[in-house]
Amino acid sequence: MSSSIDVLRDIAASNAKTAIKLEREGNLNEAIVYYYRAITALKKLIKMEERRSIKKIYEDRLKQYAKRVLELLETVKKEDKFRSKSGAGEKDELKKMIREAILIEKPNVRWSDIANLEKAKEALMEAVIWPLKRPDLFKGSRRPWKGILLFGPPGCGKTLLAKAVANSVNATFFIVDSSVILSKWLGESEKIVKELFRMARENQPSIIFVDEVDAIAATRSANEHDAIHRVKTVLLTEMDGMYAKPDERVLVIGATNMPEILDPAFRRRFEKRIYVPLPDFNARREIFRIHLRGVAVSNDVDFNKLAKLTEGYTGHDIALLVREAIMRPIRELARAGLLDQKDAKPRPVKMEDFLEALKVVKPSVSKSEIAKYEKWAREFGSG
Ligand SMILES: Nc1ncnc2c1ncn2[C@@H]1O[C@H](COP(=O)(O)OP(=O)(O)OP(=O)(O)O)[C@@H](O)[C@H]1O
Ligand SMILES: [Mg+2]
């Protein structure tokens with residue numbers, strides 16, 4: 001079965017495997033990154049898994065990796081102290097770190113790649129695009145929002161929306177990989193965050209996109225690594241700095257599928273909180289169409305029926321479902337031994353392919369989880 005749970009389980013396993021291999025090769029910095037990625041996937045799995053016994057297995061594994069990360073960090077710190085005595089060029093080191101942790105680019109997602117989500121799109125227009133287009137109108141008490149949080153179930157378009165925003169405005173766009181900041185460069189992460197905001201101010205208007213912001217903005221706890229504690233404090237301070245200077249055009253967009261674990265201090269600094277829900281009927285129909293662009297589709301495919309049958313599916317689940325369905329004609333071609341013939345075309349995808357795919361691709365988010373998101377949206381969302 002190819003549900004998101006399976007995908008996450010694979011991600012956790014393969015990252016952990018890589019981590020162990022890197023560790024064995026003595027590549028500790030890299031190993032930490034992969035452990036951290038495995039931990040992030042496990043956290044999600046634990047949230048999604050409803051069977052207690054299996055949840056427990058994941059929790060134990062998570063604890064084990066987290067402990068290992070802390071041990072590795074200690075070792076790395078000692079080695080670094082040793083190395084810094086030999087006086088490496090600190091500026092270059094910082095530049096290298098920034099390059100690895102932060103991506104400066106224009107993503108190639110367009111609004112038309114995203115089905116519906118009208119409310120979220122409107123909120124982003126208002127909060128990001130208009131103020132960038134007409135800064136003269138967004139002054140004084142009409143000052144623009146500086147912290148925007150996209151939250152909702154996994155696989156429903158949060159990352160897509162942030163990328164489409166970046167693509168449609170003329171602003172410098174920084175994508176921050178929380179797992180790299182929090183792992184490989186943990187000892188230096190405060191410096192990276194400070195430098196990031198400095199660069200954003202220098203290149204304004206700019207947007208800093210922190211995907212999976214929960215990794216960096218989770219509730220602070222007494223027994224966390226003090227480097228993690230410090231990077232949170234720096235991020236809070238930098239965000240305060242943004243608010244203190246209304247004329248600066250720097251904006252932070254965060255995305256999370258675990259809004260409930262955000263520290264209230266971060267929650268408050270994301271003034272505008274936009275819910276990105278499961279796709280409704282029309283959105284699902286549209287997602288099918290978007291993902292079938294460029295594929296030959298038979299006349300018997302009934303998109304209304306498909307949209308009805310996929311109630312409770314996320315956008316990502318539908319994308320997986322489409323991928324499964326459109327593989328079927330290819331498999332037939334292969335079975336007939338025609339794959340090597342360049343002019344042999346697969347038949348158009350039929351309704352039956354989707355019905356078969358529906359048997360194997362199941363929704364990845366449960367009703368009770370959706371209820372939790374909705375509750376959070378009622379309590380903390382911005383309408
Ligand atoms: N509204 C949508 N329109 C078109 N495709 C969608 C939509 N929502 C999700 N998808 C599909 O699902 C994939 C995952 O979406 P995305 O990465 O934006 O999810 P996300 O909300 O950021 O999830 P996560 O919380 O797991 O990061 C997309 O690459 C796309 O294929
Ligand atoms: Mg995402």
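The following exercises, with worked solutions, concern a predicted model.

**Exercise 1.** Determine how helix H1 is oriented relative to helix H2, and state which classes of residue make their contact.

*Solution.* Begin with the geometry: the axes of H1 (residues 4-24) and H2 (residues 28-48) come within 8 Å and cross at roughly 160 degrees. Because angles over 145 degrees count as roughly antiparallel, H1 is roughly antiparallel to H2. The handedness comes next, and H1 passes H2 in a left-handed crossing. On the H1 side the contact includes Ile5, Leu8, Ala12 and Leu22, while H2 contributes residues including Leu28, Tyr34, Leu45 and Met48. Sorted by class, this contact has 16 nonpolar, two polar and five charged residues.

**Exercise 2.** Carry out the corresponding analysis for H12 and H14.

*Solution.* The two helices pack at an angle of about 45 degrees, with their axes 10 Å apart, and they are therefore oblique to each other. H12 passes H14 in a right-handed crossing. Arg284, Ile287, Phe288 and His291 of H12 meet Gly315, Ile318, Ala319 and Val322 of H14, a contact that comprises five nonpolar, two polar and one charged residues.

**Exercise 3.** Describe the shell around ligand 1 by residue, element, class and domain.

*Solution.* Of the 20 residues around ligand 1, Pro154, Gly157, Lys158, Thr159 and Gly315 come nearest. The elements that each give two or more residues to this shell are helices H6 (158-168), H12 (281-291) and H14 (315-335). By class, the shell has 13 nonpolar, six polar and one charged residues. Finally, at least three residues are drawn from each of domain 2 (103-277 + 371-380) and domain 3 (281-364).

Note on methods. Residues are numbered from 1 along each chain as its sequence is written. Chains are lettered from A and ligands numbered from 1 in the order in which they are written. This is a predicted model: local features need pLDDT of at least 70, side-chain atom pairs count only at pLDDT 80 or more; totals for chains, interfaces and linings use all residues. A residue is near a molecule or strand if its C-beta atom, placed from the backbone, lies within 6 Å of it. Helices (H or I, at least four residues) and strands (E, at least two) are DSSP runs, numbered from the N terminus. Ala, Val, Leu, Ile, Met, Phe, Trp, Tyr, Cys and Pro count as nonpolar, Asp, Glu, Lys and Arg as charged, and the others, Gly among them, as polar. Domain bounds come from an automatic or database domain assignment. Axes are lines fitted to C-alpha atoms, for helices over the stretch in contact, and angles run from 0 to 180 degrees between N-to-C directions. Angles under 35 degrees count as roughly parallel, over 145 as roughly antiparallel, 65 to 115 as roughly perpendicular and the rest as oblique. A crossing is left-handed if the near helix is turned anticlockwise from the far one by less than a right angle, and right-handed if clockwise. Two residues are in contact if their C-beta atoms, placed from the backbone, lie within 7 Å.
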